Amino acid sequence: VAQKLRTSVPELSHYLAGKNPLCGFLLYRFAEYETIELSPAGWKAKQFPGQRLAYCKEIWDVAPVAWLIDPSWCPSVLASSPRHVDAPDGSPCWSLDDGRHLIRECTDIHRDPIFGDLFKKLAGA
């Protein structure tokens, strides 16, 4: 569900640009990712360089912290932990076993309060 935590350069610019050096650095790093990527051969232009219309990207790292700040932002259930196994064809897959230990599985994520809190805290840093 962390893929729902998408944002864009225009949104980050609106909330973070000019607030403080940390905000400037994070905005720069996000914008930099939009135009270049790391490949086995090194840095290269993305597939559609210069086409920034409607580009957005997930910020995966925010999800676990958001759950710690306010669990209501990340509804979850207790579920049996999956086990990584090989399928009959040799491809990797997950096996479910109700006898395994429980984990907390996030079933949804509420993007707006999470980013609202993040932007407010970053701007005040």
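**Salt bridges, core and strands of a predicted model**

Asp108 and Lys4 join their side chains in a salt bridge, 2.5 Å from N to O. A salt bridge here is a side-chain nitrogen of Lys or Arg within 4 Å of a carboxyl oxygen of Asp or Glu. Asp108 sits in the loop between β8 (102–106) and α4, and Lys4 in the segment before β1 (6–7), so the pair ties together parts that are 104 residues apart in sequence. Asp108 is partly exposed, because its relative accessibility is 23%. Lys4 is also partly exposed, at 43%. Buried means under 20% relative accessible area, exposed over 50%, and partly exposed in between (1.4 Å probe, protein chains only).

The model is predicted: local features need pLDDT of at least 70, side-chain atom pairs count only at pLDDT 80 or more, and totals for chains, interfaces and linings use all residues. Residues are numbered from 1 along each chain as its sequence is written, and side-chain values use heavy atoms, with hydrogens and water left out.

The protein chain has four helices and eight strands. Along the sequence they follow the pattern β-α-α-β-β-β-α-β-β-β-β-α. Helices (H or I, at least four residues) and strands (E, at least two) are DSSP runs, numbered from the N terminus. Of the 125 residues, 26% count as buried. The chain exposes about 8,600 Å², and carbon and sulfur atoms supply 59% of it. Accessible areas come from the Shrake-Rupley method with a 1.4 Å probe; for residues, only the protein chains shown count as cover.

The whole structure holds six salt bridges. In one of them, Lys121 meets Asp117 at 3.0 Å, N to O. These two residues are four apart in helix α4, so about one helical turn separates them. Lys121 is partly exposed at 45%, whereas Asp117 is buried at 18%. Salt bridges with shared partners also join Glu11, Arg111 and Asp112 into one network. Within it, the closest N and O atoms of Arg111 and Asp112 are 3.1 Å apart. Asp112 is exposed, with 55% relative accessibility.

The largest nonpolar core has 18 residues. Such a core is a set of buried Ala, Val, Leu, Ile, Met, Phe, Trp, Tyr and Cys residues joined through side-chain atoms within 4.5 Å. Leu5, Leu12, Leu16, Cys74, Ile109 and Ile114 have the most contacts inside this core. Two or more residues come from each of α1 (9–16), α2, α3 (62–69) and α4 (111–123). Helix α4 gives the most, with four residues. Beyond its neighbours within four places in sequence, Ile114 is in contact (heavy atoms within 4.5 Å) with residues including Leu5, Val62 and Trp73.

Helix α2 (residues 21–35) contains Leu26. Leu22, Phe25 and Leu26 make a nonpolar surface patch of about 260 Å². Leu26 is partly exposed at 33%.

Strands β6 (residues 83–86) and β7 (residues 92–95) pair in the antiparallel sense over four bridges. Pairing requires at least two DSSP bridges between the strands. Asp86 has Pro92 as its bridge partner in β7. Five residues lie between the strands of this hairpin, where Gly90 takes a positive phi near 95 degrees.

Val77 belongs to strand β5 (residues 76–80). Val77 is partly exposed at 37%.

Methods
Patches are made of residues with over 30% relative accessible area and no salt bridge: like charges are joined within 9 Å, nonpolar side chains (Val, Leu, Ile, Met, Phe, Trp, Tyr) within 5 Å.
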